[in-house]
There are 2 protein chains.
Amino acid sequence: MDNIEQIFGNFLREKGLRHTEQRDIILNAFLEAEGHLSAEDLYIIANGKSPGIGYATVYRTLKLLCKVGIAREVYFDNGKVRYEHKYKHRHHDHLVCIRCGKVIEIFDSKIEEAQDRLAKKNGFIPIKHQLNIFGVCKECRKKK
Amino acid sequence: MDNIEQIFGNFLREKGLRHTEQRDIILNAFLEAEGHLSAEDLYIIANGKSPGIGYATVYRTLKLLCKVGIAREVYFDNGKVRYEHKYKHRHHDHLVCIRCGKVIEIFDSKIEEAQDRLAKKNGFIPIKHQLNIFGVCKECRKKK
DNA sequence: TCCATTATTGAATATGATTATCAATATCAT
DNA sequence: ATGATATTGATAATCATATTCAATAATGGA
Ligand SMILES: [Mn+2]
Ligand SMILES: [Mn+2]
Ligand SMILES: [Zn+2]
Ligand SMILES: [Zn+2]
């Protein structure tokens with residue numbers, strides 16, 4: 001019914017954009033991969049499937065995926081932007097291990113509500129937020 | 001007694017680093033300025049006071065100020081890094097207006113506690129976190 | 001199916017933020 | 001004051017991402 005490929009196809013049609021093989025390949029690379037990928041990660045996968053696909057097309061397509069609501073940008077630090085699945089994925093925050101880079105997704109409705117309350121108390125209309133907690137994961141703690 | 005200049009001086013001595021005029025100028029520019037400054041902001045102020053001070057020295061000194069605990073890096077997005085006062089400033093999070101860029105500092109001990117709880121529940125030792133809530137501020141909302 | 005229009009692509013180049021290099025200079029313990 | 005060496009600033013290098021542009025491909029209509 002409303003699978004993601006179809007949503008992307010409709011979006012392209014409505015905007016007068018074109019449905020290209022590259023866009024499909026990049027979309028599928030993104031959908032098949034789990035986790036929090038950088039543009040470079042995606043480039044390596046997509047270019048592996050279809051040599052010739054360039055960085056520019058990957059960057060451009062990721063922008064589109066964000067616009068349709070299939071992907072979401074995540075900033076763990078000020079290095080590279082990462083992308084995660086957004087469609088039918090509830091908002092969540094992140095625990096990031098500073099040793100091994102592992103990322104755990106967390107959600108706490110109390111925190112979410114408190115954030116909205118704080119924003120409104122200060123006259124803000126909250127639109128989005130990102131909470132990243134950096135620490136040391138269980139495995140890395142064991143390794144001394 | 002333990003004013004910031006002194007803390008910085010001790011830090012330099014202990015580390016075998018040298019107390020230079022440039023470092024003093026940049027430290028004072030940082031201390032006099034309020035808010036969340038980028039390296040460029042600091043460069044403009046410091047270079048205004050003492051033409052000749054270069055970008056490299058500003059970047060290097062900001063790294064030192066972070067190491068001593070006088071400054072703290074803040075990432076509002078993946079553009080430029082910003083620096084805020086840390087010494088004797090309690091940890092806090094930020095409301096950021098996506099229209100005018102205004103930043104409001106917020107603190108809620110309930111949120112802080114809930115974060116620690118969540119981290120520990122997942123086996124993480126929390127070390128630091130950043131929460132940025134992006135939205136539209138009261139003034140920008142009025143301007144339609 | 002063929003065409004014309006025009007969006008898209010990939011290579012190359014540009015940009016913006018930050019870091020590294022290095023020769024000249026300044027700091028500091030002696 | 002002197003010598004050892006940390007620091008500086010100009011410049012070049014990096015890194016992630018954006019832009020340019022000529023060649024190509026997708027689309028809707030004849
Ligand atoms: Mn996630
Ligand atoms: Mn702040
Ligand atoms: Zn770990
Ligand atoms: Zn505003």
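The legends below describe close-up views of a predicted model. Residues are numbered from 1 along each chain as its sequence is written, while chains are lettered from A and ligands numbered from 1 in the order in which they are written. Local features need pLDDT of at least 70 and side-chain atom pairs count only at pLDDT 80 or more, whereas totals for chains, interfaces and linings use all residues, and side-chain values use heavy atoms, with hydrogens and water left out.

View 1. Sugar or phosphate accounts for 67% of the atoms of DNA strand C within 4 Å of the protein, and bases for the rest.

View 2. A base nitrogen of DNA strand C, in turn, lies 2.6 Å from a polar side-chain atom of Arg60(A).

**View 3. Helix α1 of chain A.** Helices are DSSP runs of H or I with at least four residues, and strands are runs of E with at least two, numbered from the N terminus. In α1 (residues 4-14), the buried residues are Ile4(A), Phe8(A), Gly9(A), Phe11(A) and Leu12(A), where buried means under 20% relative accessible area, exposed over 50%, and partly exposed in between, with a 1.4 Å probe and protein chains only. Seen down the axis of α1(A), these buried residues fall within an arc of 160°, taken from the directions from the helix axis to the C-beta atoms, so they line one face of the helix. On the other side of α1(A), Arg13(A) and Glu14(A) are exposed.

**View 4. The manganese ion (ligand 1).** The donors, which are N, O and S atoms within 2.8 Å of the metal (3.2 Å for Na, K and Ca), come from His36(A) (NE2), Glu84(A) (OE), His92(A) (NE2), His94(A) (NE2) and Glu105(A) (OE), at 1.9 to 2.3 Å. Water is not among the atoms, so the site may look incomplete. His94(A) is buried, with a relative accessible area of 3%, whereas Glu105(A), at 42%, counts as partly exposed.

Notes
A residue is near a molecule or strand if one of its heavy atoms lies within 4 Å of it. A polar contact is a pair of N or O atoms within 3.5 Å; within protein, one must be able to donate a hydrogen and the other to accept it, and residues adjacent in sequence count only if both atoms are side-chain atoms.
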